[in-house]
Structures are given as C-alpha cells and as structure tokens.
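Here's a quick walk through the salt bridges in this model. Have the chain open while you read.

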Amino acid sequence: MTAQLSSETAAGSSQTFDLTHPATGAHVGTFPVHTAADVAERLAKARVAQVWWENQGFAGRKKLMNRWLAWIGQHADEICDLGYEETGKTRGDVQFELIASLEDIRWAAAHAERVLKERRVAPGVAMANYSARVGYRPLGVAGVIAPWNFPLYTPYCGMAYALAAGNAVIVKPSEFSSATGVYAVESFYKAIPEAPEGLVSWITGFGETGAALCKSGVDKLAFTGSVPTGKRVMAACAENLTPVLLELGGKDATIVAEDADLDAAAEGIVWGGLFHSGQGCVCVERVYVVASVRDDFLARVKARVEAVTVGLEPGKDYGPMTLPAQIDIVRRHVTDALAAGATALVGGLDSIHEPYIDPIVLVDVPEDCSAVQEETFGPVIVINTVPDVEEALRRANGTSFGLGSSVFSKHRGREIAAKMRAGGTTINSVLTFVGMPSVPFGGVGDSGFGRFHGDDGLREFTSPKATTRKKFQLGKEVSTFPRPADQYKTLAGFIKFRYAKRRGVK
C-alpha cells in the first residue's frame, strides 16, 4: 500500500494523497490532508453534537446504534470488497474483522446502561447516616487513531464504546487504509441521517494530522499502533493532560505443554501466526513447546504450514504485505535468526518475494535474537524447545511486551494461563479474547494500557462521579466546629472497636 502526496491546490485548501492496492497498484481513493484548523473545526462541532447525543439517554442511544448495526450488516459485501481492495487481505479476513466490529457495536449498545448507570454503594459504618451513589459521565469528545492493519475493526470498536457511553468521536484512520476508516464513520450517518453534524467525523492525513488531534483538546485519545508512535502520541497528549488509551505492539507467546492436543495446537498456532500475513499485534509470533512432544508437534506444524497458500486469487489463505517497510523488518529478523544458528523448518529468506512473503517457521532461535524480542509483524513463527512448562513461562514472559498469549494443555491450562504476563490468554485455542466483546482487551508493558471491550472498555470513555447525601443526624457531629470536647475519646474508642480486633487470627 502506498500513501503518496499527489497535489497541492490554492493557498488555504488541503493537499491530498492517493491510496493504491499493495499488490496491484490499483488506485483506491484520494483523500485530503487535514490541518490543525480542520481538526479544531470538527472538535467544535462535536462538542455541540455531543449534547444532543447524551440527551438521547441509554435507551435512545441503544435504539439508534442498533439501527447503525443493521445498516452495516445489510452492506457487509460492499464493506468486505472495500477492505480487500484497500489492504489486499482476503475477503475472509475482512469478514472476520467485520464480525468482530459488529459484535462490539451490539454489545456496547446493549450493556452501556447496566455498566454506566448510577447505582447505590455502601457508605461504610463511619458514615452510616449518608447515602452514596456512583455513576459514570461521558467525557465529551473522544479521538480515535486507527492502524492500517485492521482499518475497519479499530474505528468501529472505538466508536462503539465511546458512543455507547455518550461521547462524540473524531476518527483518524491510517494514511495507508483511509478508505475503510472513512467508510466506517460515514456508515453512521447513512443509518442515522438525523444525527447532528459532528457527532462522528473523520480526518485523514499523515503524522502531523494525528499530532493535531492529540493536541486539539479532545477529552480522550485512543491510539492503536506501534510502540514508538504510541510514545509520541502520549507526549503530545500530555500538553493538555489528555488521557490516553494505548493498544500497542505484541510479541505474543504460546505454550505447548506435554499434555497438549497437538493437532489442535498446530492448527491454532498456524492460523494465529499467519492470518493476514501475520500483520496483527495479536498474531502468534513465539511458541515454546515442551521437549517430550517437540518432534511430533513440529511434524504437524510443518504439514499444515506447507499447505498454506498465498496470493490474491479467491481461496488463497492470505495476501500481500501491506507496507514495503514491514517486509524489510521481516527480512532482518529472519536473517538475524539464521545467522545465530536457527533452523528454517519451513521457508527462509527465499520466501520473501515482494509484495508477498510465504510462510516461514524458524526453530531453535536464540532468545536474544530480534526475531524473538522484537515485533516481527509478518508471517514468521518462531518455535523453541523447553524442558518443561516452568521454563516456557520464564521465556514467554521474557520480553517487554504483554498483549495476548495462549496455552495448549488438557489439564493445566488455567494454572499456566494465570502465570502468563499478558492482557489476555486463550486456553486450547488462540486469539479468542479479541472476538469476545464481553472481556477486556489490551496489554501490559510495552503493549500499552487501557482497555477496549467489556465493562472496562465502556468505562474507559467516562469519568466516575460520586454523589453522597446526608439522610439524618447520627449523634454528635465530629465534622464541625467547635469540636466536641470528648471527640478524641469517642473516636479512639470507635477505632479500637472497629479495627483493632485481630480478625481471622486464632
């Protein structure tokens, strides 16, 4: 995919850039390069529109979002065609992305009231004469900066949770996948034409446009992308103390225990490592297999990988790499691994023929290699042998990333999963937490912080509000002047009665 500046018109008007298909070079679309002034204009409109949206209430927003959901479902073929034309990923992969998007919209609309409505909480014994309630208020306007590898899912996901919580949204899709991001935003107005201008809007352009959104004064910025860019986003947002949600890179590990179902493990790992050419932050990049089942497992992986097909034709398993720069990273990682003594079980450097990369499986890669420690973001799976699960855990947790993970074990799955340092772990499968809107999705360490999905994902786009009310007088007031003469003695007795007991100690 190329995103090339194509023209500059008269002073005061926008430059534009062209998008082309990563494999065929076919023209996909031309988009404006929006400026800081354009962002400010959208933010002003969003603040007005957000009041209307918040006033719809939970029930009103749910009804309108369900109408949006239905419209998208009715135009699914059109959306999948656009995703294929822009990214080169197979229509099946675009469908997978779209289904996850639709589930997010459905879930967020259905559960926002349950999660965010004001509720009573216990005031505690010390303030038993008060009532207490907690609610969640929309922040106002959320900015969403989406990546090029999942250009439908990320805008729809960010919009779903922010809108369900009562916010307006400004979406900045990647300059390498703007067509689907723009479509995602405009689908909202196709379904809900009565919505006020600015409730959802899009901006396109390069890094300067994204920086302008970060510095614009939006009330939250949700970014999905690389670690270096995430750090720049966070620094830009710090100028206005804008809170951020960062979903960054991954180097996801899978553990194959001695009691694993090896067929299921091979099937899941091959798909999880190679779908969309391995261009996913949650793709399986590292595998640690216990020595006692190593040879049997490798044979099953090899057979499955050698059956994988690559190309644009219908029925192919995955398509081209989206960015030429990513191909260079894959080539460097494979070169480093082979030079360090790794063995290619399948493929090798000759598997790289731009814009495609055939599947590559490397075994016995030293842990300090770039192919183990850095995000590859390509169709490369590293499989290393370990003596036992404990060593597998040590190595799986041995990078700075902590996004997704998985484990294959018939009897120890939950035990092993609990010890994996990651935002999500799948037992006896891969990636399933990504497609479940009811569970939080995000990472730790260099994989970022904050969550999409689930109750946590809805609350990300709100601020909690505590409301307390005095119901009646309870004896002598201690929070008053002049202080009661016996206040110290009374409170000292309360402290001993309430807290000084050795609870649970025999």
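The count comes to 29 salt bridges, each one being a side-chain nitrogen of Lys or Arg within 4 Å of a carboxyl oxygen of Asp or Glu. Keep in mind that this is a predicted model, where local features need pLDDT of at least 70, side-chain atom pairs count only at pLDDT 80 or more, and totals for chains, interfaces and linings use all residues. Residues are numbered from 1 along each chain as its sequence is written, and side-chain values use heavy atoms, with hydrogens and water left out.

| Pair | Closest N to O |
|---|---|
| Glu 194 and Arg 67 | 2.9 Å |

Helices (H or I, at least four residues) and strands (E, at least two) are DSSP runs, numbered from the N terminus. Glu 194 is partly exposed at 41% relative accessibility, and Arg 67 is partly exposed at 35%. Buried means under 20% relative accessible area, exposed over 50%, and partly exposed in between (1.4 Å probe, protein chains only).

Now for pairs within a helix. Arg 300 and Asp 296 are four residues apart in helix α10 (residues 294–305), so about one helical turn separates them. Arg 300 is partly exposed at 26%, as is Asp 296 at 37%. In helix α13 (residues 389–396), Glu 391 and Arg 395 are likewise four residues apart, about one helical turn. Glu 391 is buried, at 17%.

Elsewhere, shared partners join Glu 258, Glu 390, Arg 412, Glu 415 and Lys 419 into one salt-bridge network.
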